[in-house]
Amino acid sequence: MPVARPELSDSRVIAHVDMDCFYVQVEQRKQQSLRGQPTAVVQYNSWQGGGLIAVSYEARKFGVKRSMRGDEAKQVCPEIHLVQVPVARGKADLNTYRNAGSEVVSILSRRGRCERASIDEVYLDLTIAAEAMLADNPPECLETVSEEVVKSHVLGLEEVCSDARENVRHWLTRSDASRRDKLLACGAFIVAELRLQVLEETEFTCSAGIAHNKMLAKLASGMNKPAQQTVVPFSSISKLLGTLPIKKMKQLGGKLGTSLQIDLCVNTVGDLLQFSEEKLQEYYGVNTGSWLWNTARGISGEEVKERLLPNSHGSGKTFPGPRALKTVASVEKWLSELCEELSERLQSDLEQNKRIAHTLTLHAHAYKSNDADSFKKFPSKSCPLRYGTSKIKEDALSLFQAGLREYLGLYNVKISGNQNSGWGITGLSVSASKIVAIPSGTRSIMNYFHNQEETCPQVKLSSEKLIQDAPLVSPSVNSLESGGHLTLQSVEPWIACREENEESKYSMPLDRQKENKDMCKEKLPDKETSICSSPDAEVYRGWEKDQTESSGDYLTEKIRDSLESEEGKRKLNKEKGMPTISRYFQSQHSGSLLKVEHASTSKLSESSSLSDHQSELPEENSPARGESGVDAHLSSQIKLKRPAWSYGIDEIDQDVLNELPKQIQEEVHAWLRPQKRPNTVKRDLGITRYFLPAKDK
């Protein structure tokens, strides 16, 4: 039911831009010889010349209408050119028209908030642009007014003066107008400029309506076509709505409009003015009654939503008359075609716009030949959307079978491929909705297979697996083994490089990531190998994510003392915001995981090393009797962090994986089969060894 939204301001400037016989214009741009000729776009089927889906204005002068078939149109206008709509998978392919519509949207969105309502119509909120023009360069101060603006139609002015264009010029530039009318005048200038830009850049013409809300702008855009615009001042609203048939108003063309005609004898929108808001609420409820009362007075607070991309994707086909589908097998065949097209569009949206859909819906129109209840509608069915053509096909068929059982009343009967109980399907479509942008910072493929927002568990799982599979390798093994020391100067370039990479890693393409890694190599000293390009760089990153600040860390203190002695106790933070090496080795569990690594690799005496660690571990984390303290504690740490669920290689559908972007496929393969790390370091070496003071030779 309609929702009542009172206007927050009567000074908004809203435009509705509608393309003129858009499909024909797209075909005329492809075939320049069709320009100026009576032309129509027909459906792909050849029965009686095909159904007309778009008719040029040249053909309309001869009486050609969209309700005609191709053969009938030729009888009315023998010179008409019939162009068949592109065909793919046995049905109309509208991608050419969708892409052309996107060209127009990109131009119109330059001056204000833009909402794409369909392939060929757009809403614009030009309030901010109009206010800026009124403040900086108001219409009354303009020396010249373009011819395109003067061609505008201002509702209510035609009767005042025989010279309509001069009257429009005067209305647009008068200095004594109210602020609301001045803003509308600014809107007329802006829309005229945008329409000229669309014509120059795309060769398409469009018409527009300019008013204070979406409802009035939509009504005005169709009043003067083609290639014209209409302005609706506040004082002319009653004239626009007074004689408008009730069925012409949006949301009143169905049952609600019929009820108004039968119950209240309302035939025009103006007839609603005789009823109070309370009376309308009594008949149609509080919300709908208030909406009707507002509509009769031209009041609508509906906002223009920022949307340059469609809210949903769909693919459908009709099967009229004898072509109706009468078996589940035939329905399955067409569902396969429709789902393939839908999957392609979803994949394209994912790759180009980084958006993902969450809901799959099946719609159908059906009839029952031998049933008094044949008017019953086929129920629409929905389920969570799973990406991948095979998955969408499987789910769509299940939805159809569930809807057919409900439609026929066979709730517990399995429907076979050839079973038919006198039913037929005359229309079938599948759609994907609830399309949202992928959250920034998303790093895991798991987000595509689960309807959940948080992806941290997947990242942690991947990081922990890498830690278990390979030891940590230092970038400066050679220099340390030869007697060198790890100094703050040699660490800081890596820190800066590592933070730059981490911030931009998931927001740049693969080639940019490679360039970033190469830059990291140049920042490091010649004697060291950059950790940015080390085979264990990802180990460092995964391990570092799980660490948090902790005061009193034994290893942290040792590192800090060593660094301060080597650098003359210099400050660890030379600049504000510059991280220190200690930050990367502070543990979430009071450094316990690092201390365990130290104890297992530094070859200190078991009594002294293990006692030091156990003295700082919580009681519940102390090793059990008869068990290695190091292994027990390491095992407990991993068990605490590991999520309660995981995926096996065999559980991921390869078909689904192959249809995802290449970058995501590489991520999954790396997660499922991490590369083996070269065993270039002695088994007894641990990361802590590289930060202890070097032994005197």
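Predicted model: local features only at pLDDT ≥ 70, side-chain atom pairs only at ≥ 80, totals over all residues.
I looked up the second largest pocket and found about 1300 Å³ of space in it. It is lined by 48 residues, and the closest to its centre are Leu94, Arg98, Gly314, Glu341 and Arg345. I then listed the elements that give two or more residues to the lining: β6 (91–92), α4 (95–108), β7 (113–118), β12 (313–318), α14 (328–353) and β16 (423–433). The largest share, seven residues, comes from α14. I also sorted the lining of this pocket by class, which gave 14 nonpolar, 20 polar and 14 charged residues.

I went looking for exceptions.

In the loop between α9 (214–221) and β11 (229–231) I found Pro226. The peptide bond joining Lys225 and Pro226 is cis, with omega about -5°. Ala227 also has its place in the loop between α9 and β11. Phi of Ala227 is positive, near 55°.

Gln251 sits elsewhere, in the loop between α10 (237–242) and α11 (255–263). Its phi is near 75°, again a positive value in a residue other than glycine.

Are Ala227 and Gln251 buried, partly exposed or exposed? Ala227 has 25% relative accessibility, so I wrote it down as partly exposed. Gln251 has 45%, so Gln251 counts as partly exposed too.

Technical notes:
Residues numbered from 1 in each chain as written. Heavy atoms only, no water. 1 Å grid on protein atoms, 1.4 Å probe; cavity = no way out; pocket = protein on both sides within 12 Å on 5 of 7 lines; lining within 4 Å. Points joined across faces, edges and corners; volume = space filled by probe spheres on them. Helix = DSSP H or I, 4+ residues; strand = E, 2+ residues; numbered from the N terminus. Nonpolar A, V, L, I, M, F, W, Y, C, P; charged D, E, K, R; others polar. Buried < 20%, exposed > 50% of the residue type's maximum accessible area, 1.4 Å probe, protein only.
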